[in-house]
Amino acid sequence: MRRRPPSALFGLAAAVGGLLATAAAPAAASGAPSPAAPAARTAEQQVRNFWTPERMRAAKPLDLLKVSPAKVSPARADGPATSVPGTRAFPQKGGAWTGGGAVVKTSGRVFFTYQGRTASCSGNSVTSQNKSTVVTAGHCVKMDGAWHTNWVFVPAYNDGVTPYGTWTAAKLSATDQWTASEDINYDVGLAVVNPLNGQKLSDVVGAQGVQFNGGYNKPMYAFGFPAAAPYDGKKLVYCSGNTTKDFLLTKDHGLACDMTGGSSGGPWFNSFNESAGTGLQASVNSFGYTFLPGRMFGPYFGNEVKAAYDKAQAG
């Protein structure tokens, strides 16, 4: 993990608005057939064709990004706790997940084009009304004021192999705060993916529950596909431990974790069951401080994140 001067805060980009924003990915056709439907399907197929195994292997995790402290505004952590239903090594600072279970299928790599180059993050399929919602980091859908293109989700990715297919984004969105100013407190992005071979995402790979306003200082498990040394992006990696509340610039969760670039957007689970590989997603891999190596931070899933989730899952 590349570190920079301790005066700065960096996002674990790819390691580390208001309304749903439509990115450059094609929208899914719905309802009665329309003249635009064949064109949309063609564009969707072009995105899938773009992501060859070679391009997936060559996609680079985004470098650690400098985040200005001026962008960080106080985050609220209020409201009643609500959940959407859906040891191997504890604590663990970063090891291959060999436990199996649902998390192997619901989590995956995210690939997209950013500033003209191919890049990668991580993501997770979550319970939703549309059965097609992926949660990731905000900077894995939009960064430096621009929405990413050629965005796809590959559940259970394995060294260029896509056992459950390549799922293209119909819509990309994020919390209002990330969309407006890329506030690191609200670094949460979402994708509604198109059906694949007539099936919806959660019908194929399942979906994890989501928890909002679940509190701090919890035992959690974080997952992702780190692709920067010493990792290679080929396998699912996890960290586990007791989380703490960031006492510095944000209101995020903190966890001892050595995951690197490419892990951004991977899920953090509360109430995780190792045997079943299921839990309630309560955060995502987001950023690390230069002066605190070996520690990762993830945004608190409060009312703002719930609002973004509600908009996405209804789309």
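Biologist: What makes you say the charged end of Arg55 sits over the ring of Phe50?

Modeller: This is a predicted model, and in it the charged end of Arg55 is 4.0 Å from the centre of the Phe50 ring. The cut-off is within 6 Å, along with an angle limit to the ring normal, and the pair is listed as sitting over the ring. Arg109 does likewise with Tyr157, at 5.0 Å from the ring centre.

Biologist: Why is the pair of Phe212 and Phe301 called stacked?

Modeller: Ring centres have to lie within 6.5 Å, and planes under 30 degrees apart count as stacked. Phe212 and Phe301 come in at 6.1 Å and 20°, so the pair is stacked.

Biologist: And what does that pair tie together?

Modeller: Phe212 is in strand S14, while Phe301 is in the loop between strand S22 and helix H6, so the pair ties together parts that are 89 residues apart in sequence.

Biologist: How do you know whether Phe212 and Phe301 are buried or exposed?

Modeller: Buried means under 20% relative accessible area. Phe212 has 1% and Phe301 has 2%, so both count as buried.

Biologist: Why is the pair of Tyr289 and Phe297 edge-to-face?

Modeller: Their centres are 5.0 Å apart and their planes stand at 80°. Over 60 degrees counts as edge-to-face, so that is the label. Tyr289 and Phe297 are both buried, too.

Biologist: How many aromatic pairs does the rule give?

Modeller: The count is 19. Ring pairs also link Trp97, Tyr221, Phe223, Tyr238, Phe269 and Phe272 into a cluster.

Biologist: Why is strand S6 described as largely enclosed?

Modeller: Of its 8 residues, 8 are buried, so the rest of the structure largely encloses strand S6.

Biologist: What makes S6 and strand S7 a pair?

Modeller: Pairing takes at least two bridges, and S6 and S7 have 8 in the antiparallel sense, so they qualify. Phe112 stands opposite Ala119 in S7. In the hairpin of these strands, Gln115 takes a positive phi near 50°. S6 also pairs with strand S11, again in the antiparallel sense, over 5 bridges; there, Gly108 has Pro155 as its bridge partner.

Biologist: Which stretches have pLDDT under 50?

Modeller: Residues 1-36 stay under 50, and residues 63-87 are below 50 as well. Where pLDDT is low, the predicted coordinates should not be read in detail. For the protein chain, the average pLDDT is 84, and 79% of the residues score at least 70.

Conventions. Residues numbered from 1 in each chain as written. Predicted model: local features only at pLDDT ≥ 70, side-chain atom pairs only at ≥ 80, totals over all residues. Heavy atoms only, no water. Phe/Tyr/Trp six-rings, centres within 6.5 Å; stacked < 30°, edge-to-face > 60°. Helix = DSSP H or I, 4+ residues; strand = E, 2+ residues; numbered from the N terminus. Buried < 20%, exposed > 50% of the residue type's maximum accessible area, 1.4 Å probe, protein only. Lys NZ or Arg CZ within 6 Å of the ring centre and 35° of its normal. pLDDT = per-residue confidence, 0-100. Contact = heavy atoms within 4.5 Å.
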